[in-house]
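Hi everyone, thanks for coming. Let me put the model up on the screen, and then we can walk through it together.

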Amino acid sequence: MAGLTLAFMGTPDFSVPILDALVGAGHRVVCVYTQPPRPAGRGHQLQPSPVHRRAEALGIPVRHPKSLRVAEAQAEFAALGLDGAVVAAYGLILPQPVLDAPRLGCINVHASLLPRWRGAAPIQRAIQAGDTVSGVTIMRMEAGLDTGPMLLKGEVPIGPRTGAQALHDALSEEGARLIVAALDGIAAGRLVAEPQPEEGVTYAAKLAKEEGRLDFALDAATLDRQVRAFTPWPGCWFEAATGERLKVLAAEPVPGRGEPGTLLPGGLTVACGEGALRLLTVQRPGKAPVDGAAFLRGFPLAPGARIVA
């Protein structure tokens with residue numbers, strides 16, 4: 001079957017394997033849409049998005065409008081004469097004229113098993129909530145927030161130690177596999193979109209930096225999920241008794257009992273409201289990450305000492 005004429009719309013690392021899969025499957029990706037370059041790094045130089053860089057390496061023209069709500073941008077999109085548009089973590093709202101322009105519509109690669117975790121941060125919210133399974137849904141886009149009818153789904157397990165980065169990578173790979181299968185099915189007329197069920201809807205709110213603060217009055221299992229969900233971003237931290245803000249890059253729940261925020265025997269282990277959290281990797285301001293034992297060598301604290309401010 002001849003490849004389709006497509007636009008690809010995506011921005012972060014998550015989207016890159018999906019773009020590669022479309023090209024590898026023989027589809028004609030005639031244009032890539034992505035977020036405009038943003039300041040990054042110490043010099044705050046404008047940096048193109050991961051998708052922008054990959055598209056240039058593939059020789060695909062790139063557009064990065066600040067909005068698709070203006071008539072000129074919509075006319076430019078329509079003029080591409082697309083069979084379809086594939087959208088994966090693009091970051092801009094697609095107005096109705098854009099949704100209607102491709103012959104087969106706009107197809108979204110969403111990192112959850114819809115209708116659970118509609119919205120901006122499905123990967124992190126699934127881990128934070130203690131879900132044991134996530135996945136990818138391929139859906140036709142409509143004006144609502146991730147409300148469109150579903151074409152294909154694929155499950156990805158969330159293990160007891162799965163972190164956001166590992167789940168991100170697994171879902172990206174699954175999305176790349178599913179979108180190729182979905183486009184084949186759509187083009188052949190084999191796939192029929194099914195409406196999302198009305199029950200089981202949840203929303204994955206955008207992440208905020210303040211959500212990374214660890215409250216040791218909570219139970220250790222909750223804090224463990226918080227660290228796994230919010231690493232690498234927005235990151236988890238607490239105010240130490242030394243007056244420093246310590247980042248926690250890795251941790252695990254362990255048995256233990258004590259006043260929340262105090263040090264327990266067994267490495268850098270902090271008592272929680274229920275159980276204890278062993279801090280496996282921490283980082284002081286301006287320093288490299290170290291393991292718990294290395295941290296304690298610089299701060300010889302006895303069990304029972306308060307480590308949290």
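Let's begin with strand β13 (residues 245-254), which pairs with strand β16 (residues 276-283) in the antiparallel sense over 7 bridges. Before I go on, please keep in mind that this is a predicted model, where local features need pLDDT of at least 70, side-chain atom pairs count only at pLDDT 80 or more, and totals for chains, interfaces and linings use all residues. Residues are numbered from 1 along each chain as its sequence is written, and side-chain values use heavy atoms, with hydrogens and water left out.

A quick word on terms: strands are DSSP runs of E with at least two residues, helices are runs of H or I with at least four, and both are numbered from the N terminus. Two strands pair if DSSP finds at least two bridges between them.

Back to β16, then. Glu252 stands opposite Arg278 in β16. Strand β15 (residues 269-271) also runs antiparallel to β16, joined by 3 bridges, and there Ala271 has Ala276 as its bridge partner. The hairpin of β15 and β16 has 4 residues between the strands, and Gly275 takes a positive phi near 75° in it. Next, β16 pairs with strand β17 (residues 290-291) in the antiparallel sense, over 2 bridges, with Val282 opposite Val290. That hairpin has 6 residues between the strands, and here Gly286 has a positive phi near 75°.

Now for the open sheet. Its 7 strands follow the order β5-β2-β1-β6-β7-β9-β10, with mixed pairing. At the edges are β5 (62-63) and β10 (150-157), each pairing on one side only. Inside that order, β1 (residues 5-10) and β6 (residues 84-88) run parallel, joined by 5 bridges; Phe8 has Val86 as its bridge partner.

What does helix α1 pack against? In α1 (residues 16-24), Val16, Ile18, Leu19, Ala21 and Leu22 are buried, meaning under 20% relative accessible area with a 1.4 Å probe and protein chains only. Those buried residues pack against β1, β2 (28-33), α2 (50-58), β6, β7 and α6 (164-188), where a contact means heavy atoms within 4.5 Å.

UniProt, in an unreviewed entry, places a "binding site" feature at Ser112, Leu113, Leu114 and Pro115; such annotations may be inferred rather than shown by experiment. Leu114 is in the loop between β7 (106-110) and β8 (118-119), and counts as buried because its relative accessibility is 0%. Among the residues that Leu114 touches are Thr137, Met139 and Asp146. Pro115 lies in the loop between β7 and β8 and is buried too, with a relative accessible area of 7%.

Last stop: pockets. A pocket is an open set of points on a 1 Å grid over the protein atoms alone, where a 1.4 Å probe fits, with protein on both sides within 12 Å along at least five of seven lines; lining residues have an atom within 4 Å of a point. The volume is the space filled by probe spheres set on points joined across faces, edges and corners. The largest pocket holds about 1700 Å³. Of its 49 lining residues, Pro12, Ala89, Tyr90, Gly91 and Ala120 are the closest to its centre. The second largest pocket has about 220 Å³ of space, and β13, where we started, gives the most to its lining, with 4 residues.

Technical notes: Buried means under 20% relative accessible area, exposed over 50%, partly exposed in between (1.4 Å probe, protein chains only). Lists of a residue's contacts leave out its neighbours within four places in sequence.
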